[in-house]
Amino acid sequence: MSAPRRTGDLGDGTYRNPVLAADWSDPDVLRVGDDFYLTASSFGRAPGLPLLHSRDLVNWTLLGHALERLEPAEAFTAPRHDCGVWAPSLRHHAGRFWIFWGDPDHGVFQINAPAIRGPWSAPHLLKAGKGLIDACPLWDEESGEAFLVHAYAKSRAGVKNRLTGHRMSPDGRELLDEGRVLIDGDQLPGWFTLEGPKVYRHDGHYWIFAPAGGVESGWQGAFRSRSFFGPYEERVVLEQGATGVNGPHQGGWVRTGAGEDWFLHFQQRGPYGRVVHLQPMRWDASGWPVLGAGGTPVDVHAKPALPAQPVTAPATDDDFPGGRFGRQWQWTANPRDGWASAHAGDGLRLTCVRSPDGVRDLRRVPHLLTQRLPLRPSRIEAGLRLAAPAAGARAGLAVLGDAYAWIGLERAEDGTARLVHRFAERAADAERAAATARPAPDGTVRLRVDITDGARCRFRADTGDGAGFLPSGQVFAATPWRWVGALLGLFAAAPPGPGPAGTALFTHFRVVPDPHSPLDPEEESRT
C-alpha cells in the first residue's frame, strides 16, 4: 500500500518541503549540542506543548509533551479547540530548557526543566491579561539582562499589530517594568497583523523575527536594533513570490554546529492546518538575513551539512501495547481518570462515558482522543469491538473539525450492535445520519477512511459478513477550526443514565500513505 515519500527526506541528500506534513502550528526550534528540538502550538488539547527531536532538521520524531494539563485547569474541563497554548518559544539557558507561551484568555506562562524529557515545572503565570500572545524570552549573554517580547490578539486585547517588550528577572518569574511598545505595525506602511515574535542577539543587534499579513497570505519580517527597546528597522525576508507556498511565515531561526543557518516556518493548508517548511538562510552584505531562494520558499533543497540520519517522521500508528496509547495522542480537554481503562492485554479500552454531548455533538466531547490529520493522501484504519451493553452506547473513528463525521458501532435498544455513520455540519448544533445503519452481528468491525487531496474523506467498514470493506455515505470534506487543522479521533460515549455503560476496545490504528484505492471518479461525481 505504501508509495514513495512525497515530502521530507528524499534519500539522495535533498529534502522536499514540508518537512513536517501535518499541523505542527507556529513552530519554534532550538539546538543543544548535536540535537535539535522543536515545539508547536497545541491549543486546547492535552497533553500540550509537543516536543520533537531531530539530528538533521529534516527527520523528526516526537519525544512527548511538556505540559501534562492545561492551566487554569478549570478552564479546560471541556473542549476549547482554538484557545489554550498559542505560539510557544523554546529556549535553553542556565542548563535548563524553557518554554514560554501566551494563552489569549489568561496571559503569558512559562515552564522549565533540566532535560528535554523533564520533569517540567508547573506552569507559572508571568504576565496576566487578556489577549497576550506569542511570548518569547531573551537572555542577553552580552549584557546579562533578560527580556520578554509578546504580541496581542485583538479579539481579547482590543489591539493588535504591535509588539511589546519587558525587562524580565533572570529566573523568568517576574517582569521588571510596565513594558514598552517595541514595534508598532500601524506606523509601518502596508504592515498589518504583526505577531509571532522570536527575539535573538546577533552581530551586535537585537533581532526580532516576526510575521505579518495574516495566517493564509502573510510574510516574514525581520527587525533589528542596537538597543532592545529600539528603534527598529525592518525588512521583509520571506514571502510567497511566484511559488505555490502561501503565507510562508512564523517560525524560528537555528544555527547548526557547522555554522549553517536555517529557518523553520509554517504554511497554512486549510483542513490540514499549518505544515512546517525548512528554509536555508544566509546573511547579505548589509547584515540582513536572506531566507529561502532569495526571499521566496524552496521546494527541494540540499539537506543541512550534518551526518546522515534514518528517514523518520512523528509516529501515527498504534497497537496500544499493554492497553496504553502512544505519545502522538491528545485529549480534546484536560483528561479525567477512567476515560481509558487499564487492562492486561493489548488494545485501547475506552470507557463509554455517559453525557448528552457524546450522543449529540462530538465537538463538545472532552473524552475524545485525537491526532493530527496527515497532509499526504492516506488510508486510516482502526479495529473496534463494542463491549458496552447499554442502549445507545457508541464508539468510533472520527474526522473532527468545525464540521465532523464518524463511523463506528452503536448498541441498539434490542441489544444488537449496528454499524452507524453520522456527521454534523459547521452551523449545526447536532449530528445526523450519513448512511443507513446496518447490522454488525458480533459487535466487531474494521473501520477505514480513505483521504485524498483536499482532505476528501471516503468512509468504509467491514463488519465481517464476507462482503469486505463497503463504502458508507457520501464523501466528506474535512474542515478546520479557525486556527486548528482537522483531527483524527477515537471515542466511546453513551447517553445519560444510571450505572456504567461499558467499554469499547480499539485493537489497532493505522495511517498508510497513498492508498491504492482513493476516491474513484464515479464516487467523486456523486458529491
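Colleague: In which strand does Leu49 lie?

Modeller: This is a predicted model, and in it Leu49 belongs to strand β5, which covers residues 48-54.

Colleague: What is phi of Leu49 near?

Modeller: Its phi is near 55°, which is a positive value in a residue other than glycine.

Colleague: And is Leu49 buried or exposed?

Modeller: Leu49 is buried, because its relative accessible area is 0% and the cut-off for buried is under 20%.

Colleague: Where does Leu57 lie, then?

Modeller: Leu57 is in the loop between β5 and β6. Its phi is also positive, near 70°, and Leu57 is buried, with a relative accessible area of 0%.

Colleague: Turning to peptide bonds, is the one from Glu71 to Pro72 cis or trans?

Modeller: That bond is cis, with omega near -5°. Pro72 sits in the loop between β6 (61-67) and β7 (86-93). A cis peptide bond also joins Asn17 and Pro18, with omega about 0°; Pro18 is in the loop between β2 (14-16) and β3 (28-32).

Colleague: Now the sheet: what is the order of the four strands?

Modeller: The order is β15-β16-β17-β18 in an open sheet with antiparallel pairing. Its edge strands are β15 (198-202) and β18 (233-238), each pairing on one side only. On average, neighbouring strands of this sheet are turned by 30° against each other, direction ignored.

Colleague: How many bridges join β17 to β18?

Modeller: Five bridges join strand β17, residues 219-225, to β18, and the two run antiparallel. Gly221 stands opposite Val236 in β18.

Note on methods. Residues numbered from 1 in each chain as written. Predicted model: local features only at pLDDT ≥ 70, side-chain atom pairs only at ≥ 80, totals over all residues. Heavy atoms only, no water. Pairing = 2+ DSSP bridges. Axes fitted to C-alpha atoms, helices over the stretch in contact; angles between N-to-C directions. Buried < 20%, exposed > 50% of the residue type's maximum accessible area, 1.4 Å probe, protein only.
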